[in-house]
Amino acid sequence: MTGEPEMPPNRRRLGRVFNEVPELYDRVRPGYPDELFADLRAVTGMDEGSSVLEVGCGTGQATRSLAALGCQVTAVEPGADLAALARRRLAPFPNVDVETSTFEEWDDRGRRFDVLVAASSWHWVEPSTGWRRAHDVLAPEGWMALLGHVVVRRPGEPEVFAETADLHERFCPGNPGWGHPPLEDDVRTTGEGWGTVGDPGGLFGPASVRWYPTVQWFDGDGFADHLRSLSLYRALGPEVREPLLDAVAERIRTGMGDRVARRYLSVLRVGQRTDG
């Protein structure tokens with residue numbers, strides 16, 4: 001529950017867990033602010049003639065905003081059920097094509113793109129091949145853009161994990177994922193460059209970083225559903241996950257007025273392809 005996701009060693013297995021709950025994922029996951037896409041367009045020079053590759057489109061939340069810019073978007077998604085839902089959601093956009101594959105195994109058919117976008121998905125890509133693959137499918141002077149969310153807290157403000165830490169330890173003691181989100185100001189001052197997803201090794205120039213405060217509001221049941229969509233909780237067996245989340249929902253209803261905030265800093269990291 002702390003900050004941006006670390007690169008998991010079993011990324012492929014965990015990456016599939018979102019495919020188990022596509023409708024839930026689409027309903028409860030946060031979107032990205034319009035300002036982020038306006039900045040992405042300004043930095044990269046994207047226009048209606050640009051070709052965009054999106055890696056790991058999920059249910060198409062970020063894809064819709066890319067499509068609205070008028071670009072030609074090819075979206076790659078490994079989860080068959082997520083990809084099917086994305087196709088339905090994106091049907092009004094004739095400039096979008098959704099292909100079902102992992103990025104590592106995807107057949108680019110010789111296509112080259114002006115911009116590659118990965119929204120909360122690049123940490124699921126194998127870094128030993130992903131950065132080189134990204135470099136190779138981009139046109140000269142193309143751009144790499146990583147979008148994400150960092151869960152944060154503000155001093156003195158009630159925060160859900162602090163209020164439910166005892167429940168997490170009761171139902172799943174010692175889980176290394178349990179922890180308080182970082183302070184918002186600390187994230188702004190330490191989260192530079194390409195973040196936690198590794199170094200592209202000279203394949204891309206320095207990443208510029210922009211932050212966008214966002215917030216979601218939930219009642220107890222809604223927050224429990226949100227947690228059900230996260231890999232940290234999907235990785236738990238249902239015999240652990242469901243009693244834990246039922247208890248979290250009850251704590252929010254009875255102890256937090258049945259209304260809680262999930263604060264984020266949405267982030268845009270953009271760098272240009274080099275000749276490396």
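Analyst: Start with burial. A residue counts as buried when its relative accessible area is under 20%. This is a predicted model. Buried residues make up 55% of the 276 residues in its chain.

User: How do I read burial along a helix?

Analyst: An α-helix has 3.6 residues a turn, so residues three or four places apart point the same way. Now take helix 5, residues 80-89. Its buried residues are L82, A83, L85 and A86. Viewed down the axis of helix 5, they fall within an arc of 165 degrees, so they line one face.

User: Which residues have the most contacts inside the largest nonpolar core?

Analyst: L40 and L147, in a core of 28 residues. Elements giving two or more residues to this core include helix 3, helix 5, strand 5 and strand 7. A separate core has 21 residues, among them V55, W106, V125 and V197.

User: What does L40 touch beyond its neighbours within four places in sequence?

Analyst: M46, L66, V117, A145, L268 and V270.

User: Where should I be careful?

Analyst: Where pLDDT is low, the predicted coordinates should not be read in detail. Here the chain averages 89, and 90% of the residues score at least 70. Residues 1-15 stay under 50, although the model gives them 47 contacts beyond four places in sequence. Helix 1, residues 11-15, has the lowest mean among the elements, 46. Strand 1, residues 51-55, has the highest, 98.

Methods: Residues numbered from 1 in each chain as written. Predicted model: local features only at pLDDT ≥ 70, side-chain atom pairs only at ≥ 80, totals over all residues. Heavy atoms only, no water. pLDDT = per-residue confidence, 0-100. Helix = DSSP H or I, 4+ residues; strand = E, 2+ residues; numbered from the N terminus. Contact = heavy atoms within 4.5 Å. Buried < 20%, exposed > 50% of the residue type's maximum accessible area, 1.4 Å probe, protein only. Arc of directions from axis to C-beta. Core = buried A, V, L, I, M, F, W, Y, C linked by side-chain atoms within 4.5 Å.
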